[in-house]
Amino acid sequence: MRLAELVETPLVDDELPLASSLNPYILGSTPSAFGHSGSYGVGDPYLPRTANEVDHRLIQAVKGDRMVLLVGPSKAGKSRTLFEAVRAARTNARLLAPIPGAIGRLAAHQKIAGTNDSIVVWLDDLDRYLTNADPLTPGVLAWLSSRPGPTFIVATLRSEARDRMRRETGEFTHDTRTLLSQAVTIELAATNDDPTEQAAAAAAYPTRNLRDYGLGAILAGAPELLARYDDARVAAPVLHAVIQVAIDWARIGHPAPITEATLRDHTIDRLATLRPDLDITDQQLHDAIVEARTPPPGAGLVAALLIVQDTDSPGLPTDGPSTPSRHYRPFDYLVAADDGQDHSPRLIPNQFWDKVTRNAGQEALFAIGVMAYERNNIVESIRIFRQLAEGGDVRSTAILGDLLLERGDLPAAETMYRKAADSDTYAMVRLGVFLSGRGDLVEAETFYRTGADAGDSNAMDYLGELLADRGDLTEAETWYRKATDTGNASAMVSLGVLLANRDDLTEAETWYRKAADTGHLPGMVRLGELLANRDDLTEAETWRRKAADTGKAFPMARLGDHLANRGNLTEAETWYRKAADTGDAYAMARLGDHLANRGDPTEAETWHRKAADTGNAYAMASLGDHLANRGDPTEAETWYRKAADTGDAYAMARLGDHLANRGDPTEAETWYRKAADTGDAPAMVRLGDLLANRGDPTEAETWYRKAADTGNAYPMVRLGDLLANRGDPTEAETWYRKAADTGDTSAMVRLGDLLADRGDPTEAETWYRKAADTGNAYPMARLGDHLANRGDPTEAETWHRKAADTGNAYAMVSLGDFLADRDDPTEAETWYRKAADNGNPFAMVSLGNLLADRDDLTEAETWYCKAADAGHPPAMIRLGNLLADRDDPTEAETWYRKAADTGDTYAMIRLGDLLANRDDPTEAETWYRKAADTGNPFARVRLRDLLAGPSTL
C-alpha cells in the first residue's frame, strides 16, 4: 500500500514532511479566529506552559527515547503544547501521523523501516490507535523503535479516556495498560487551574474573557458550544438529539465519522424514545443538522459537528452506491462533557449499541467491542465479539475467550481459546495460561512452544517461566533471551530475576534497567529493590518514585516503605494513603502498620481490618499482629489462623510465633514446618530457633543451613551463632563473613566480636567500623566498646555518643557504662534514665546499680522492680540481693526462684546460698547441681563445700 494511504498528513514529494514545515492545526489543534492552518504564527502566540514546568519537562521527554504522553482535559491545549515541544526538540525530524488501524503496516513499510531518517510518530488522541484490529502495542512500539533511524513516539490523550483505560483489568486490554505505564506521562491542566498561566493568557489575548475558563477552551468557543448543546435539550430537542447521536457514535468507538444519512436515521430513533410527542419533518431534521455544523456567531470557528469531507472517498462509509454524503465527527469538547469532564456524565443507550453494530463492518465491530469493554458494558462487548467470532475472525474468538473467562464461564472460554489456537499465537498464549492455571502444565507447555516457535515473544516469556518453575533454568534462560531480543520488557524482568537468583546481580541489573527504561513497571520495581538491597538508596528512591507515579498501589506502598526506612515518615504516610485509597490490601496493611508505629492504634486498626476483610494473607497476619500488640490474643489468633489457612508462608510463620509466645511450642513447630517446607527462609530460621531452644541443635543446624543456602544473610548469622556456641569458631567465621559480605551489619558486628575474642583486634575494628558507618546504633556502640577496650577513650566516646543520639537504648546504656567507668556518674545517670524511660530493662538495672552505689536504695528498688516485672533475670537477682540485704529473705527467695526458673545460673547459686543459710541443704543441693551442670565453676565449688560438711556460705 502507498504511504500516502496510511498517513493523515500530506506527503512532500512522496516523503514524510519535516516537523518544522507543519503547523499544529494540521495535527489536531482547534482553529480559532486568532490562528488556523493558513495563519499559524501570525496572530496566535504560543502561551508558555509554566505550571508544573510542563514545557521544560515535555521538551526533555521528547529528547529522550521513551514514548511521551501528554494527558489533559479537552481543550487544555495538548496538541499545540506537544507540537511546540516537538518543534523545539526535534526540529529536523520527519513527522509521521498514522491513520488509525494502519500503524502495524506503517511499521513494516519500506519508507519507514528502511530509512535512517529521524522520525517523530505523532498520535493525537491516542485512544484512536488502541481500539482497532491493528492497534499500537508494546510489540509494535518496539518494532518501530528498532528501525535504522531514530524514532520518537509522542501522543496526546484526554484525561477521562486515560482514566477509563487504566480502570480495566482484562487480559485483552493488557497491552493498552502496558503502553500507558511505559510512557513518560505529563499532565497538562487548563490555564485557569494556575493563576500565573491564566494571567499570562489574559495578557497574550486581551480581547478574550478568561474569567471562568482556560485559554484553549475560550479560543475554540467550547463553553459557548457546550451551553448551546445543554440549552437545546429543552429549547431545540431536534438539534440536541442530532448532536447527542453524533457524540454517542464517537463514544462507542466507531472508527469512521458518521454519515449524514446514518445521523438522520439514529436521530429519528433517539427522538422517538426521548420525545415521542414530537412529529419531526425532514426539513426540521435538515435544519438541525445545518445548525449543528455551523459555528455559532462570535464563538469561534468550530461547530458542534465537524464536517470531515463532502464526497465519497476510500475508507469512509457511504449512504448508497452513488449518493454523495457529508461525514461528521462531534466536537471533542462535547464528547468529553458527556463523559464527565466538568459536566454530568451521560450513559449511552443500550439500543444504540445494538443498532449501530447490526450492520457494521468487521473493523468497526472490533473497535466498538473494545470500547464497550472499556466502558464496562461487558454484555455488549461479549455480544459483539461473539458476532465477530461467528463470522470467522480468529483474534476475536480468542478475545471472546478472555471475556468469558473474566465472567467465570471457564468451559466456554476454553472452547474459544482452542478454536482460535489453531492459527493465532495470542490464542495459543492465552490457552497456555488457562491450562497452566488449572495445573495442566504439559499441555500448556505444548501451546507455549507452538507460539514461541512461531515467534510470539509473550509465548517465549511464558514458556521460560514454566521451565524456570520446574527447575529447567538453562532452557528457561534461552527462551527469555530470545524474547528480550524482540524488545519484550516482561521477558527482560524474567531474565533479570533468573540471573539475580543465581547471584549474577550485575547482568540482572542490566536487564532490569533495560526494562525500566521502557517504562515497564515491574522493571522499575525490581531495579529499585536491587539498588536498595545494595544500599544505593538515592537511585533506588528515584526508580521507586517513577514506579509510584504510575498510580499503581504496590509501588506506591513500596515507596512508602522506602521513605519510612529513611526517616521521612510524613511523606511515607502520604504514599501509603494514596496506595490504600486504591483498595489494595497490602497498601492498607502497610498504612495500618505505619499508623500503629506512630501511635495511632485506632485508625491503624481500621485500615488493618479493611485490608484483612479482602482475604489477603499478609493483611490478615498484620491485623493479628495489631490485635496481639493491643492485648487481644484471642482475636489475634483467629486472624493468624485465617491467614495461615491460605497457605501463605509468612502467615504460617506468624501463627507459629503467636503460638510459641503463648507457650504452645508443639503447634508452633507444626506451622513453622509447614511454612519452612514452602522454602521460606525466615520460617526455616524460626524453626531452627525453636529446635535449638528445646535442645535439638542437630536439626536446628539442618534448617539454618537450608535457610542460609538461599543467600539470606540472617540465617547465615544464626548458623554462625550456633556453630560458635558449640565451639566451631572456624566455620562460624565463614558464615559470618558470607553474611557480612552482603552488607548485613549484625554479621559484621559478630565477625568483629569473634575476631576480637581470638586476638585479632585490627581486623575486628575494620568490621566494627564498616558496620558503624551504616549509621546503625548498635554497631556504633560496639565500636565504642572496642575502642575503649584498646585504650582509645576519646574516639570511643565519640562513637558512643553518635550511637546514643539515635535514641537506641542499648547505645544509651553503653554510653552510660562508659561514663560510669570514667567516674562521671552524673551524666551516666542521665543516659541510663533516658534508656530506662524507653522501657529498656538493662538500663533500669544499670540505673538501679548506680543509685544503690550512692545509697538511694528506695529508687534503686523501684527500677529493679520495673525491670524484674518485665521478666529481666539480672533485675530479679539484683532485687533479690537488695531484699536479702534488708532481711526480707522470703521475697528475696521469690525473685531468686523466678530468675532461676529462666535458667540463669547465677540466680540458681544465689537461691542455693539462701536455702543453705536457712538450713535447707537438700533443695540447696538441687539448685547448686543445676547450676553446676551448666559448667559454672562457682556452682561446683558451692556444691563441693555443701557436700563436704556444715555450710559456711
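Visitor: What makes E925 and R929 a salt bridge?

Guide: Their side chains meet at 2.9 Å, N to O. The cut-off is 4 Å between a side-chain nitrogen of Lys or Arg and a carboxyl oxygen of Asp or Glu. The value 2.9 Å falls within it, so the pair counts. Bear in mind that this is a predicted model.

Visitor: Where do E925 and R929 lie?

Guide: Both are in helix α51, residues 921-933. They sit four residues apart, about one turn of the helix. An α-helix has 3.6 residues a turn, so residues three or four places apart point the same way.

Visitor: Why are E925 and R929 called partly exposed?

Guide: Buried means under 20% relative accessible area, and exposed means over 50%. E925 has 24% and R929 has 39%. Both values lie in between, so both residues are partly exposed.

Visitor: How many salt bridges does a search of the whole structure find?

Guide: It finds 102.

Visitor: How do you know that K111 and D14 form a salt bridge?

Guide: The N to O distance is 3.8 Å. The limit is 4 Å, so the pair qualifies. This pair links distant parts of the chain. K111 is in helix α4, residues 110-113, while D14 is in the segment before α1. They are 97 residues apart. K111, at 26% relative accessible area, is partly exposed. So is D14, at 42%.

Visitor: What makes R737 and E733 a pair separated by about one helical turn?

Guide: They are four residues apart in helix α39, residues 729-741.

Visitor: How do you know that the span of helix α42 agrees with its 13 residues?

Guide: The expected span is 1.5 Å times one less than the number of residues. For α42, residues 777-789, that should be 18 Å. The end C-alpha atoms are 18 Å apart, so the two values agree.

Visitor: Why is α42 called mostly covered?

Guide: Ten of its 13 residues are buried. Each of those has under 20% relative accessible area, because that is what buried means. Among them are A777, P779, M780, R782, D785 and H786.

Visitor: What covers the buried residues of α42?

Guide: The cover includes α40 (745-757), α41 (761-772), α43 (793-805) and α44 (809-821).

Visitor: What is found at the start of α42, and what follows the helix?

Guide: At the start, a side-chain oxygen of N776 reaches to within 3.1 Å of the backbone nitrogen of Y778. After the helix comes G791, with a positive phi near 95 degrees.

Visitor: Why is H626 called buried?

Guide: Its relative accessibility is 7%. The cut-off is under 20%, so H626 counts as buried. H626 is in helix α32, residues 617-629.

Visitor: Which residues does H626 touch, not counting residues up to four places away in sequence?

Guide: H626 touches A596, P601, A604, E605 and H608.

Visitor: Is T178 buried or exposed?

Guide: T178 has a relative accessible area of 11%. That is under 20%, so T178 is buried. T178 lies in helix α7, residues 174-182.

Visitor: How many residues does the largest nonpolar core have?

Guide: It has 115 residues. Y864 and Y928 have the most contacts inside it. Apart from this core lies another, of 105 residues, among them A292, L388, A389 and A489. In soluble globular proteins, nonpolar side chains tend to be buried together.

Visitor: How many helices and strands does the chain have?

Guide: The chain has 52 helices and eight strands. Buried residues make up 51% of its 953 residues. The C-alpha atoms fill a box of roughly 130 × 65 × 60 Å, taken along the principal axes.

Note on methods. Residues are numbered from 1 along each chain as its sequence is written. This is a predicted model: local features need pLDDT of at least 70, side-chain atom pairs count only at pLDDT 80 or more; totals for chains, interfaces and linings use all residues. Side-chain values use heavy atoms; hydrogens and water are left out. A nonpolar core is a set of buried Ala, Val, Leu, Ile, Met, Phe, Trp, Tyr and Cys residues joined through side-chain atoms within 4.5 Å. Buried means under 20% relative accessible area, exposed over 50%, partly exposed in between (1.4 Å probe, protein chains only). Helices (H or I, at least four residues) and strands (E, at least two) are DSSP runs, numbered from the N terminus. Contact means heavy atoms within 4.5 Å. A polar contact is a pair of N or O atoms within 3.5 Å; within protein, one must be able to donate a hydrogen and the other to accept it, and residues adjacent in sequence count only if both atoms are side-chain atoms.
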